Amino acid sequence: MAASLAVILLLGLPARKVFEKLKLPGLIGMLILGVLVGPYGFNLLQEDMLKISADLRSIALIIILLRAGFGINKEDLKKIGITALKMSCIPGLTEGLFIAFASVHFLGFTFSQGGMLGFIIAAVSPAVVVPSMLELIENNIGTKKGIPALILAGASIDDVFAITIFSVFLGLYSGSNVNIGIQLLNIPVSILLGIIAGVIIGLVLIKIFKRYSIRDTKKVLLILGFSILLNQLESALKTKLQIASLLGVMTIGFIIIEKLPDVGKRLSNKFNKIWILAEVLLFVLVGALVDVNIALKAGGMGIIIILIGLAGRSIGVIISLLGTKYNWKERLFCIIAYLPKATVQAAMGAVPLSLGVESGDIILAIAVLSILITAPLGAIGIHYSAEKLLVEKN
């Protein structure tokens, strides 16, 4: 495993640098590297590394979401308000349904099969979106109207909706007695529980920091430890109680920087440094999950299904932003920022196949193809459109 880590670091950092030199997002270089060194490429990563890949990706995602929490302030939240909630559910819902109906028409799926595919694809990728939004916040681009914070908040909740509705369609397909009302009620309960858990952990940590003299490095480790436990709690209770742990993780950072702003700024800088390592691990390991051969099986029809879904997502974003003060350029940027797929599709794409769902292989192929198409498309789109579409006149 140590050799695999060396491969990831020694090749990941140059891959990022090469793409940055080409004026492209570095994460694309790391994703491509992951495909090349992974088990479906040259197979340079040892099995032990792949076994703990999910945990390492989860920790890396927690680190970037903590950074996001430290980057959001109360004024940003006041600006985005209800719009963030609409952005967290409407685009994913429209995309999922567009794909579900398109799958029935073009692939001959049943509606429950189409729904499973639709809501695997519908989840936006926090791994791609969150770092990009934090970069905008650091460069003070789009912050006057709170646009990066809006995307951050929406993307962190979007996955909760997508995964919950996917489970509804999976239950309908398997014929299990699914109470759709209760499943959908779980969504706001999950969000609320995630926020409450984050607030409680944040306040506990603040109390510890005030009572004991602890170096900032140790504070970072405590925060990270509590955040990982919260994420694991979600996994342990998912069959009984759903908790939006990723939203809770963001809340921890938000509470600390609100209550202890000076400490929060120092800790945010510490997490920025940790992210250098976490970023390489996250994107290379996500890339290692991508089997290009499976993606090719989806063919042209898979591309059509994905594009139909993105059209639905774009319509959902436009609906979510109706009545807001954003101009057409800012709305267009929000559409672009909501394109990338990666983490959920890599994690959930094979679930229907593993459970014996008919056409599960096609669902997996389109899920993988969606990563290959939308992750680079979204990352490049955000990178090049931000300064052009979010220029703020003083």
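**Helix contacts and pockets**

Visitor: At what angle do helix α6 and α17 pack?
Guide: Helix α6 covers residues 111-121, and its axis lies 10 Å from that of α17 (axes being lines fitted to C-alpha atoms, for helices over the stretch in contact, with angles from 0 to 180 degrees between N-to-C directions). Helices here are DSSP runs of H or I with at least four residues, numbered from the N terminus. This is a predicted model, in which local features need pLDDT of at least 70, side-chain atom pairs count only at pLDDT 80 or more, and totals for chains, interfaces and linings use all residues. Residues are numbered from 1 along each chain as its sequence is written, and side-chain values use heavy atoms, with hydrogens and water left out. For α6 and α17, the packing angle is about 20°.

Visitor: How is α6 oriented to α17?
Guide: Angles under 35 degrees count as roughly parallel, over 145 as roughly antiparallel, 65 to 115 as roughly perpendicular and the rest as oblique. Because the two helices pack at about 20°, α6 is to α17 roughly parallel.

Visitor: Which residues in α17 meet α6?
Guide: The contact, meaning heavy atoms within 4.5 Å, brings in Gln113, Leu117, Ile120 and Ile121 from α6. Its residues divide into 6 nonpolar, 2 polar and no charged (Ala, Val, Leu, Ile, Met, Phe, Trp, Tyr, Cys and Pro count as nonpolar, Asp, Glu, Lys and Arg as charged, and the others, Gly among them, as polar). On the α17 side, the residues are Ile363, Ile366, Ala367 and Ser370.

Visitor: How do α4 and α11 lie to each other?
Guide: Their axes come within 7 Å and cross at roughly 40°. The two helices are therefore oblique.

Visitor: How many nonpolar residues are in the contact of α4 with α11?
Guide: From α4, the contact takes in Leu61, Ile62, Leu65, Leu66, Ala68, Gly69 and Phe70, and among those of α11 are Leu246, Val249, Met250 and Phe254. Of the residues in this contact, 2 are polar and none is charged, while the nonpolar ones number 13.

Visitor: Which residues of α14 make the contact with α8?
Guide: Helix α14 spans residues 328-337, and it packs with α8 at an angle of about 35°, the axes being 11 Å apart. Ile147, Leu150 and Ile151 of α8 meet, in α14, Glu330, Phe333, Cys334 and Ala337.

Visitor: Which helix gives the most to the lining of the largest pocket?
Guide: On a 1 Å grid over the protein atoms alone, a pocket is an open set of points where a 1.4 Å probe fits, with protein on both sides within 12 Å along at least five of seven lines, and lining residues have an atom within 4 Å of a point. The largest pocket has 33 such residues, and Ile163, Glu234, Ser235, Lys238 and Met348 lie nearest its centre. Helices that each supply at least two lining residues include α4, α9 and α10. With 8 residues, the most comes from α8.

Visitor: How many residues line the second largest pocket?
Guide: The lining of the largest pocket divides into 15 nonpolar, 13 polar and 5 charged residues. In the second largest pocket, Pro25, Gly26, Ser132, Glu135 and His383 are the closest to its centre, and the lining residues number 25.

Visitor: Which helix supplies the largest share of the lining of the second largest pocket?
Guide: This lining holds 12 nonpolar, 4 polar and 9 charged residues. The largest share, 7 residues, comes from α17.
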